[in-house]
Amino acid sequence: MPLLVRAEAVEVLVVDHTGEAPGHGQEPGADIAYHLARHGARVEVCRLSSSGEDMGRWLLSRAASFGADLVVMGAFGHSRPSEWMIGGVTRTALVEAALPVLMCR
């Protein structure tokens, strides 16, 4: 939290939201943005489309265009065959990131 509070800007990304995921509330991203803002972070929620691009590379590209100094993300694993066939955002971020990545699993 101290890193996010000291940040010039914090961007919460909601990507390819279809409205079908239960448990994300009426406005996905709003709850985490509210929580961060209560602690003093300057937060903006962006709802975007990946346009079918590789999600890991898309995320890193977005971070670069935003001028991010750090990516904070959740880590999620799939079965080996699934990751081999479709790749994985977590793996891509770990292998290809040119900036620090803070992950939580």
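**Figure 1. Helix H3 and its span.** In this predicted model, helix H3 covers residues 55-66. Its 12 residues reach 16 Å from the first C-alpha to the last, close to the 16 Å expected at 1.5 Å a residue; the expected span is 1.5 Å times one less than the number of residues. Helices (H or I, at least four residues) and strands (E, at least two) are DSSP runs, numbered from the N terminus. Local features need pLDDT of at least 70 in this predicted model, and side-chain atom pairs count only at pLDDT 80 or more, whereas totals for chains, interfaces and linings use all residues. Residues are numbered from 1 along each chain as its sequence is written, and side-chain values use heavy atoms, with hydrogens and water left out.

**Figure 2. The ends of H3.** After H3 comes Gly-67, which has a positive phi near 80 degrees.

Figure 3. Gly-56, Trp-58, Leu-59, Leu-60 and Ala-63 of H3 are buried (under 20% relative accessible area; exposed is over 50% and partly exposed lies in between, with a 1.4 Å probe and protein chains only). The buried residues of this helix pack against strands S1 (10-15), S2 (43-48) and S3 (71-74) and against helix H5 (89-96). Thr-92 is located in H5 and counts as buried because its relative accessibility is 9%. Beyond residues up to four places away in sequence, Thr-92 touches Asp-54, Gly-56, Arg-57, Leu-60 and Ala-97; contact means heavy atoms within 4.5 Å.

**Figure 4. Glu-11 and its contacts.** Glu-11 belongs to strand S1. Its side chain forms a polar contact of 2.6 Å with that of Arg-62 (a pair of N or O atoms within 3.5 Å; within protein, one must be able to donate a hydrogen and the other to accept it, and residues adjacent in sequence count only if both atoms are side-chain atoms). With residues up to four places away in sequence not counted, Glu-11 touches Glu-44, Cys-46, Arg-62 and Phe-66.

**Figure 5. His-39 in a loop.** His-39 is found in the loop between helix H2 (30-38) and S2. This histidine is classed as partly exposed because its relative accessible area is 40%. His-39 and Pro-2 are separated by 37 residues in sequence and by 9.0 Å in space, C-alpha to C-alpha. Neighbours within four places in sequence aside, His-39 is in contact with Met-1 and Val-5.
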